[in-house]
Amino acid sequence: MDKKLLVIMCEEGGIDEEELVILGRLTDQAKMRPGDFDLYKLSRQDCLEDFRFSSHQLEILKEALEFPDIMYTDAQHVSPGMEALCILLGDLLTLTVFKGSPYDRCAGFVDGTNIEICRPLDYATQNICYTGHKKEHGLKYTGVMAPCGVMYLMCGPEPGSFHDAKLLYRSEILNMMKESRTWTTTPETGYHLYGDQAYKSTPQVVGPVRYNASPLETACNAAMKTLRISVEWGSGKIGNLSALNNYPEDLKLGLQPLGMYFRVATLLTNCHTCLNSSQTSNYIAVEPPTLAEYLENYPEDHIDNYKRGKAVKEA
């Protein structure tokens, strides 16, 4: 039955509001055509290939992400919550401290990631998004990889022409660390991040010794370079689990929410790590958090809260 007809019947006194709600839900369930999609008809192998999660893990993920039983879209489409989660995963998939580190207070590696996009239409946007290093147009993100394999900070997007050091400054990560009681002012007494030679050494970010390095410092640089590849593994896993971000011809700036695509891909990749571990966590031998622990402390909230608080102070 048409929901508009139900509303008219309610207004005319034919049915009360409680009956309107019940009949409306029945109408939505009828639109969903039950039986079109049945997750449990898929084999475990098919489920992993299509969604990168087992059916049991999808149930856990649906509950953890608080997907409702019935999803409504702006286009008035209705679908079961599990089907909506699988559609999201299908769209993305189509197309502690570091052990062994010479710095015993290193809690993560920071690095910039460039995602190639379709060439923008106007010249000004083309110019600012063009990265001469890779000779392509792109958007950049700054990520921080934890020893457990979770990319616990992902900031961006920013224009592809920006240097990694500028991305770090604009991301507010340094200011967040300065204001946190966990990250104190010196590498000897507080936790810090490690970055490659693109970053200038600060109390919050330590980099390799670049000039007149002693034999000990050279060995330290080599050891940290080996460990720092973990952040590359993290970025690579996001790409492997969300092939959508690997097709620049489909990533059109101004026509699609490209920043949201990559942030959602990062969130779901972290969820996958919590349920299945990762190359980074296995290499460094640090167990990732449970899915509930990760989502309870989702770092995006800290970034948003920090920026909102800063905006209030400036106002």
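This is a predicted model: local features need pLDDT of at least 70, side-chain atom pairs count only at pLDDT 80 or more; totals for chains, interfaces and linings use all residues.

Analyst: Helices H4 and H10 are oblique to each other, as follows from their crossing angle of roughly 125 degrees.

User: How close do the axes of H4 and H10 come?

Analyst: The axes of H4, residues 55-64, and H10, residues 258-276, come within 11 Å. The crossing of H4 and H10 is right-handed.

User: Which residues of H4 and H10 meet?

Analyst: From H4, the residues are Gln 57, Ile 60 and Leu 61, and they meet Leu 268, Cys 271, Leu 275 and Asn 276 of H10. This contact of H4 with H10 comprises 5 nonpolar and 2 polar residues, with no charged ones.

User: And H9 against H10, at what angle do they cross?

Analyst: H9, residues 215-241, crosses H10 at roughly 105 degrees, and the two axes come within 9 Å. The angle falls in the range of 65 to 115 degrees, so H9 is roughly perpendicular to H10.

User: Which residues make that contact?

Analyst: H9 contributes Lys 237, Ile 238 and Leu 241. On the H10 side, the contact involves Phe 262, Ala 265, Thr 266, Thr 269, His 272 and Thr 273. By class, the contact of H9 with H10 holds 4 nonpolar, 4 polar and 1 charged residues.

User: Changing topic: how much space lies in the second largest pocket?

Analyst: The second largest pocket holds about 300 Å³ of space. It is lined by 14 residues, and those closest to its centre are Gly 112, His 133, Lys 134, Lys 140 and Asp 164.

User: Which strand gives the most to that lining?

Analyst: Strand S3, residues 106-116, gives the most, with 4 residues.

User: How does the lining divide into nonpolar, polar and charged?

Analyst: The lining of the second largest pocket has 7 polar, 5 charged and 2 nonpolar residues.

User: Now the backbone. Where is there a cis peptide bond?

Analyst: A cis peptide bond joins Gly 156 to Pro 157, with omega at about 5 degrees. Pro 157 belongs to strand S6, residues 151-159.

User: Which residue has a positive phi although it is not a glycine?

Analyst: That is Asn 212, whose phi is about 50 degrees. Asn 212 sits in the loop between strand S8, residues 205-206, and H9.

Key:
Residues are numbered from 1 along each chain as its sequence is written. Side-chain values use heavy atoms; hydrogens and water are left out. Axes are lines fitted to C-alpha atoms, for helices over the stretch in contact, and angles run from 0 to 180 degrees between N-to-C directions. Helices (H or I, at least four residues) and strands (E, at least two) are DSSP runs, numbered from the N terminus. Angles under 35 degrees count as roughly parallel, over 145 as roughly antiparallel, 65 to 115 as roughly perpendicular and the rest as oblique. A crossing is left-handed if the near helix is turned anticlockwise from the far one by less than a right angle, and right-handed if clockwise. Contact means heavy atoms within 4.5 Å. Ala, Val, Leu, Ile, Met, Phe, Trp, Tyr, Cys and Pro count as nonpolar, Asp, Glu, Lys and Arg as charged, and the others, Gly among them, as polar. On a 1 Å grid over the protein atoms alone, a cavity is a set of points where a 1.4 Å probe fits but cannot get out, and a pocket is an open set with protein on both sides within 12 Å along at least five of seven lines; lining residues have an atom within 4 Å of a point. Grid points are joined across faces, edges and corners, and a volume is the space filled by probe spheres set on the points.
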